[in-house]
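Hi,

Here is the structure I promised to send over. Have a look, and my notes follow below.

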Amino acid sequence: MSFFFLFLAYSAEMSYLCMQIQKNMVISFDSKDLSAAQTMIAHANNIVIATHMAPDGDAMGSALAVYHWLLNRPSAVSHPQEAVVIVPNAFPDFFRWMPRASDILIYEKEAEKCNTLIANADLFICTDFNDPKRIGPVGDKIVASGAPKILLDHHLHPTDFASVVFSYPEATSSCEIVYRFMEQGGPFLNKEIASCLYTGLMTDTGNFAFNSSSCELYEIIAELIRAGAEKDAIFDAVFNQYSVDRLRLMGYALYRKMRIYPEHHLALITLSADELDQYHYQVGDTEGLVNMPLQISDVYYSVFMREERPKPGTPRPRIRISFRSQGNRPVNIWASEIFHGGGHANASGGEIFGTLNQAVQLFEKTFPSYLI
Ligand SMILES: [Mn+2]
């Protein structure tokens with residue numbers, strides 16, 4: 001009994017502490033790192049901006065914001081720089097409206113062109129990933145290049161691949177870090193940059209539903225709106241663009257494929273490649289699905305598994321797994337120790353190569369030891 005109360009007191013204290021940290025969160029840059037990065041940027045001629053696989057709003061927003069910033073800096077007149085954004089694979093259609101999204105090069109589609117640009121790059125600016133593995137073949141090429149690398153990111157435990165690292169896991173998003181970084185170089189905001197950054201702040205916090213209690217965040221948002229970001233239109237462009245198939249897929253997943261483990265406050269949704277085909281699955285169609293079971297009052301953990309057909313040369317399908325939780329119920333250790341992934345305490349990812357059944361068996365075997 002006393003242990004129980006001790007635990008309650010402890011978790012209450014922890015959430016209070018987290019709340020305090022959130023409210024007072026100010027990103028402060030190391031001045032040496034900052035001037036090193038600024039010098040690298042000032043001297044570079046060919047800059048490659050790279051972000052993670054299956055780009056989300058924060059990846060798109062942070063990379064495109066840096067791109068616009070490089071193109072518009074006052075020094076761009078005296079010292080024109082080539083800049084390009086490379087993403088490993090396609091981004092969802094609902095980000096197509098983003099300013100200059102059409103300039104983005106998709107490695108999967110234009111590998112040769114990308115390889116040439118990477119080989120000629122004299123600076124890499126990496127946003128929203130902590131490990132070159134997160135960007136597939138682009139990561140290998142970047143690591144192999146001798147050019148300096150600047151990392152702007154909010155995922156835990158960045159691996160040691162960048163020359164200058166701005167890693168703030170307590171930040172809401174990489175867009176927040178990019179905002180603070182660009183601000184150090186003087187006035188920088190315009191409508192394009194503001195729209196890109198707002199997108200990342202909005203998507204990484206579930207439209208400000210979680211991980212979004214810092215006053216700083218709303219100060220930034222006020223500046224973005226002043227600079228021309230159209231908040232409601234951006235919400236509409238990102239969240240109200242479902243296809244009929246996408247909404248039906250969500251309905252099917254919730255109605256037919258959601259399993260609840262009541263005594264563990266846990267939900268699991270699985271979708272096979274065949275089921276995805278039935279609904280003409282497009283990249284991004286299952287975005288947000290993993291969060292939905294958390295709307296159930298007694299569900300605090302949610303896991304979503306999606307099967308990808310094996311690629312030529314790989315015998316087994318890949319099961320992509322997303323983990324979500326609420327409060328002081330970390331899922332990242334489970335994701336990293338069992339499913340070769342990791343991430344934030346309340347939002348992680350992982351994968352296994354095998355069948356959906358094998359993934360579900362592994363899930364059922366291991367969750368009792370990882371969930372509170
Ligand atoms: Mn992010």
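Let me start with two aspartates: Asp128 and Asp204 are both buried, meaning under 20% relative accessible area with a 1.4 Å probe and protein chains only. Bear in mind that this is a predicted model, where local features need pLDDT of at least 70, side-chain atom pairs count only at pLDDT 80 or more, and totals for chains, interfaces and linings use all residues. Residues are numbered from 1 along each chain as its sequence is written, and side-chain values use heavy atoms, leaving out hydrogens and water.

Both aspartates belong to the metal site: Asp58 (OD), Asp128 (OD), His154 (NE2) and Asp204 (OD) coordinate the manganese ion at 2.2 to 2.4 Å. Donors here are N, O and S atoms within 2.8 Å of the metal (3.2 Å for Na, K and Ca), and water is not among the atoms, so sites may look incomplete. Asp128 sits in the loop between β4 (123–127) and α6 (136–144) and Asp204 in helix α8, so the pair ties together parts 76 residues apart in sequence. Helices (H or I, at least four residues) and strands (E, at least two) are DSSP runs, numbered from the N terminus.

Next, the helix packing. Ala194, Leu197, Tyr198 and Leu201 in α8 meet Leu217, Ile220, Ile221 and Leu224 in α9, with contact meaning heavy atoms within 4.5 Å.

Then there is an open, mixed sheet of 6 strands, ordered β7-β8-β9-β10-β12-β11; strands pair if DSSP finds at least two bridges between them. β8 (residues 266–271) and β9 (residues 301–308) run parallel, joined by 6 bridges, and Thr270 stands opposite Met305 in β9.

Cheers

Conventions
Buried means under 20% relative accessible area, exposed over 50%, partly exposed in between (1.4 Å probe, protein chains only).
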